[in-house]
Amino acid sequence: MNGGEDSPAVRRERFSGGPAREFLSSMDADSRIFGADLAVDRAHVAMLAEQDVIEASAAASILDALDDVESAGFDALPDGEDVHEAIETAVIDRVGPVGGKMHTARSRNDEVATCIRYRFRDDLLDAAETTIAFREALVEAAAEHAETVMPGYTHLQPAQPVTVAHFLLSYESAVARDTERLLDAYARTNRSPLGAAAFGGTPFDIDRERTAGLLGFDSVIENSMDASSTRDFLVEGVSALAALATTVSGLAEDLVVFSNKGLVSLSDDYSSTSSIMPQKKNPDTLELVRATAGDAAGALQGLLTTLKGLPRAYNRDLQSATGYGWTAVDEVTEAVAVAAGAVATAEWPADALADAAGEGFSTATGVADTLAMAGLPFRTAHEIVAEAGTGDIAALDDAALDVTGESLADLADVEAVEAALDPAASVAMRDSFGGPAPDAVAGALDRAADGVDADVDAVDERRDALADAADDLAAEVASYE
């Protein structure tokens, strides 16, 4: 996608050839915004006619030609630097010089900026919908395993027992914020630059709010220089996608590690085998999901580097910036869908998880908490358990005598201490808000499901608004038939 003050449809032969033409062209990538450009053209032409900038008959001819161009498809477009000039040329080929009136009061600069926003907003909603489906998979799996005890790790070392539900909901909570970021990015993407022209506005009596409404934009970017040149909406969207990819990469890593330890079994649909080692079941898809975070981070870095230091207003560098947005949204959306499928089909072996949950004296913190709840300062309790180094009651009693001069029985209920050594009991006692105890998890599941429903409604509301705008535009176009 590129810009400039004039389209080659109206340029002199001087600018029509030469070895740099292919280098300048963005046609190979522009199929993605073919539909967006047609919508922008229609809204702009309809507005020009409403404002008496062009005749209604001219608008009717142009709109009819645009229908023909759409029916013929992107591949039937004539050669051009970009889709914008190719569509304009195709219209002029059909209706003659009057077709050139479609470019009145605009530039390819504001046109391409509008097309990118028009398409990218849909891509952001697609990504948001994929995160919601992912969250649904996490919630459903968590609901099945609210009491399935598993080891929790810090530094990849056994730390405290938790549940599979608590683990999965930790990612649901994070992905919910990713959904929120994508919807925030959508809000600032869905603003119209159309009518800013090259960057300095236009002398024609246009109605920028009208075209914004016909195209489903929530508002207009007022300053014409800002409107045509800014790509900060891409930065925000790609940043949100990179954050999402990072979140999902963490889950992918956890599942790869758990698979290695025999703590989760991935479906064959999300695994592969070796070409020569038939016993192998490799979590390949999740390794690729994990790698997507690097691709997304690279896209963000490439975008920021391209935009860094660009002078106002339009520069051709912006043509290269757009591809980073497409790359990020395509790859991350696909990776999230794969991760969702892996979670939905994974099996969690309860016995193996329960055995691993008690490894490495992972209930030590529960024992220290039990001593502290009996009245001992937590630091003293921590010292006793650290010195014992094991869940053996005799060792704990020896440590208590050494640290405090009193027996374990003098400090706490020994039966309560013994109970705290059990991973399931240790989990059950951690019933604070957001904790892993089944009762706490039950509330978290309800809130997560409510959050999913709210975000489904939020995306549907935005989809409905875009659909309503498309209907309005179609009705306006039909009025010129």
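1. Start with A400: at 0% relative accessibility, A400 counts as buried (buried means under 20% relative accessible area, exposed over 50%, partly exposed in between, with a 1.4 Å probe and protein chains only). The residue sits in helix α15, residues 393–404; helices here are DSSP runs of H or I with at least four residues, strands are runs of E with at least two, and both are numbered from the N terminus. Leaving out residues up to four places away in sequence, A400 touches I384, G405, E406, S407, L408 and L411, where contact means heavy atoms within 4.5 Å. A400 and A381 are 19 residues apart in sequence, and their C-alpha atoms are 8.5 Å apart in space.

2. Before going further, some housekeeping. This is a predicted model, so to speak with thresholds attached: local features need pLDDT of at least 70, side-chain atom pairs count only at pLDDT 80 or more, and totals for chains, interfaces and linings use all residues. Residues are numbered from 1 along each chain as its sequence is written, and side-chain values use heavy atoms, with hydrogens and water left out.

3. On confidence, the chain averages a pLDDT of 91, and 92% of the residues score at least 70; pLDDT is the predictor's confidence in each residue, from 0 to 100. Residues 1–8 are another matter: pLDDT stays under 50 there, and the model has 37 contacts beyond four places in sequence for that stretch. Where pLDDT is low, the predicted coordinates should not be read in detail.

4. Now the cores. The largest nonpolar core has 117 residues, and L77, I87, F134, L215 and W348 touch the most other members. Helix α5 (residues 108–144) gives the most to this core, with 16 residues. Another core lies apart from it, with 19 residues, among them L371, A400, A412 and A420, so A400 from point 1 turns up here as a buried residue. By core I mean a set of buried Ala, Val, Leu, Ile, Met, Phe, Trp, Tyr and Cys residues joined through side-chain atoms within 4.5 Å.

5. Have a look at α2 (residues 34–50) against α3 (residues 56–72): they pack at an angle of about 170°, with their axes 9 Å apart. That makes α2 roughly antiparallel to α3. The axes are lines fitted to C-alpha atoms, for helices over the stretch in contact, and angles run from 0 to 180 degrees between N-to-C directions; under 35 degrees counts as roughly parallel, over 145 as roughly antiparallel, 65 to 115 as roughly perpendicular and the rest as oblique. On the α2 side, F34, L38, D41, R42, V45 and A49 meet A56, A59, I62, L63, L66, D67, V69 and E70 in α3.

6. Strands β1 (residues 149–154) and β2 (residues 157–163) pair in the antiparallel sense over 6 bridges; pairing requires that DSSP finds at least two bridges between the strands. M150 stands opposite V162, and P151 has P161 as its bridge partner. The two strands form a hairpin with 2 residues between them, and H155 in the turn has a positive phi of about 55°. L156, in the loop between β1 and β2, has a positive phi too, about 60°, although it is not a glycine. At 56% relative accessibility, L156 counts as exposed.

7. A105, in the loop between α4 (83–95) and α5, has a positive phi near 65° without being a glycine; A105 is buried, with a relative accessible area of 7%. A cis peptide bond joins R312 and A313, with omega about 15°, and A313 is placed in the loop between α10 (284–307) and α11 (317–345).
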